[in-house]
2 protein chains.
Amino acid sequence: MPNNQFKKGELYSFVTGKASTAIARRLQKKFNSAGLNLTIEQWSVLYHLWKKEGISQQELCNATFRDKPSITRLVDNLERLDLVKRVASENDRRINLIYLTRQAQKLQEQSMELAEETLNEALETVPADKVDVCKEVLQIVYDNLK
Amino acid sequence: MPNNQFKKGELYSFVTGKASTAIARRLQKKFNSAGLNLTIEQWSVLYHLWKKEGISQQELCNATFRDKPSITRLVDNLERLDLVKRVASENDRRINLIYLTRQAQKLQEQSMELAEETLNEALETVPADKVDVCKEVLQIVYDNLK
DNA sequence: TTTACTTAGTTGCACAAACAACTATATGCC
DNA sequence: GGCATATAGTTGTTTGTGCAACTAAGTAAA
C-alpha cells in the first residue's frame, strides 16, 4: 500500500490544489490593485517570453503545460492587449514565433516583484528547509504524471 | 529577506500549480476511461456532500473554496445530471439544501478509489515523511492567504 | 512527383472561474 | 409595523481549459 497516508480530507486538497489557487488569486488581486490589466494565465505566458522570446506557440505549450488551443487563445488575447506579436517563421511557415512588444517589456519588473511578494506572504512562517522539501515533492509529482 | 529562496523557475510552478493541475488532469482521464460522466469540479462538490449532505450552497462555497456563482452553476449542472437535488429550507426560504440522489451515492466508492489511485501514482517514490512536510506547507500557505 | 504521414496552429463546443449587478428573504432597530 | 441592512442565491459578461475536428505546411517514401 504505497503512500496510502491520505485520509479523506487531505486527498481533497491535493487534487483541487487549494494552495496554488489561493496563491494565484492573491497575485491576481495584486495585479488588479496595481492597475495591471493582466490575468495570471497571460502573465504565465509572458513569464516564459521574458526568459526567451521568439519561441513558437508549441514551445509555449510545453513551457506552460497547456494544450495548443489554450495557447492560441492566450496569444490572441495578449496580441489584442498589444503585449506580443506573432511573426511567421521564415524557415517553416507553419510556425508563429512570438515576440514581446515594448509595452510587455515594461511589465516584467513590476509583475515579478508582485509575484515574489505574493510567495513571501504565502510562505511566511514556513522554514526554508520545509519549503525545499515541498518544492521537491511537487516536482516529483509533476514528473510522475506529466 | 524572508523565504526568498525562489529562483525564477521555481516561482513559476508555485504560482501556476503545475503539480495539482497534473493530478486533476490524470484523475479526469481516469473518470473518462471508467465511463464516469463527471468533471473534477463536480466531483469536488459531491466529495463534500458524501461527507454530509443537506448543506446549503453557501456551505459548499466555504468547503470548496469557490464563490457563489461558481457553486450555483456547479449545482445546476449536477442537477441536470440528476446527481443532486435542491430542497428549499423550511426555516429560511433563502436557503437551498443540497441532497444527493441515489445515483450520486453509487458514484462514491468508484470515484474515491480512482482518486486514491491517482494520488498513489503521483506520490510514487516519494517517502512518506516528505509527503507529510509537503502537506503541512501547503496547509500553511492556504491559511496564510485564504 | 504523387501519396501518406506528421506537425503547427485554429475553430467549435461544453464546462468552469471571477467579478459585478441583481432578486428575494431574513434580521435588527426605531 | 416599517425601514435599513445583511445574507442566500441567480444571472450576465469576460476569460480560460480540454477535447475533437479541422486547415496549412513540411517530410518521407513509393
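Modeller: Gladly, and let us begin with one residue: Ile55(A) stands opposite Ile98(A) in strand E3(A). Strands here are DSSP runs labelled E of at least two residues, helices are runs labelled H or I of at least four, and both are numbered from the N terminus. This is a predicted model, where local features need pLDDT of at least 70, side-chain atom pairs count only at pLDDT 80 or more, and totals for chains, interfaces and linings use all residues. Residues are numbered from 1 along each chain as its sequence is written, chains are lettered from A and ligands numbered from 1 in the order in which they are written, and side-chain values use heavy atoms, leaving out hydrogens and water.

Biologist: Which strands pair in the antiparallel sense over two bridges?

Modeller: In general, strands of a sheet pair through backbone hydrogen bonds, either parallel or antiparallel. Pairing requires at least two bridges found by DSSP. In this model, E1(A) and E3(A) (residues 96–100) are antiparallel partners over two bridges. They belong to an open sheet of three strands in the order E1-E3-E2 (chain A), with antiparallel pairing. Its edge strands, E1 (55–56) and E2 (84–88) of chain A, each pair on one side only.

Biologist: Which helix lies across E1, E2 and E3 of chain A?

Modeller: That is H3(A), residues 40–51, running at about 90° to E3(A). Axes are lines fitted to C-alpha atoms, for helices over the stretch in contact, with angles from 0 to 180 degrees between N-to-C directions; contact means heavy atoms within 4.5 Å. H5(A), residues 68–80, lies across E2 and E3 of chain A at about 115° to E2(A).

Biologist: How many residues surround DNA strand C?

Modeller: A residue is near a strand if one of its heavy atoms lies within 4 Å of it. Here 26 residues surround DNA strand C, and Asn77(B) is among the closest. Sugar and phosphate make up 59% of the atoms of DNA strand C that come within 4 Å of the protein. An N or O atom in the side chain of Asn77(B) is 2.4 Å from a phosphate oxygen of DNA strand C. H5(B) gives the most to this surface, with five residues.

Biologist: And how are chains A and B related?

Modeller: Superposition is by least squares on C-alpha atoms of residues with pLDDT of at least 70 in both copies. A rotation of 180° with 0.0 Å of shift along its axis places chain A on chain B (RMSD 0.0 Å). That is the relation of a two-fold axis. Cys134(A) comes closest to the axis of the residues of chain A, at 2.2 Å (C-alpha).

How values were computed. Polar contact = N/O pair within 3.5 Å; in protein donor to acceptor, adjacent residues only side chain to side chain.
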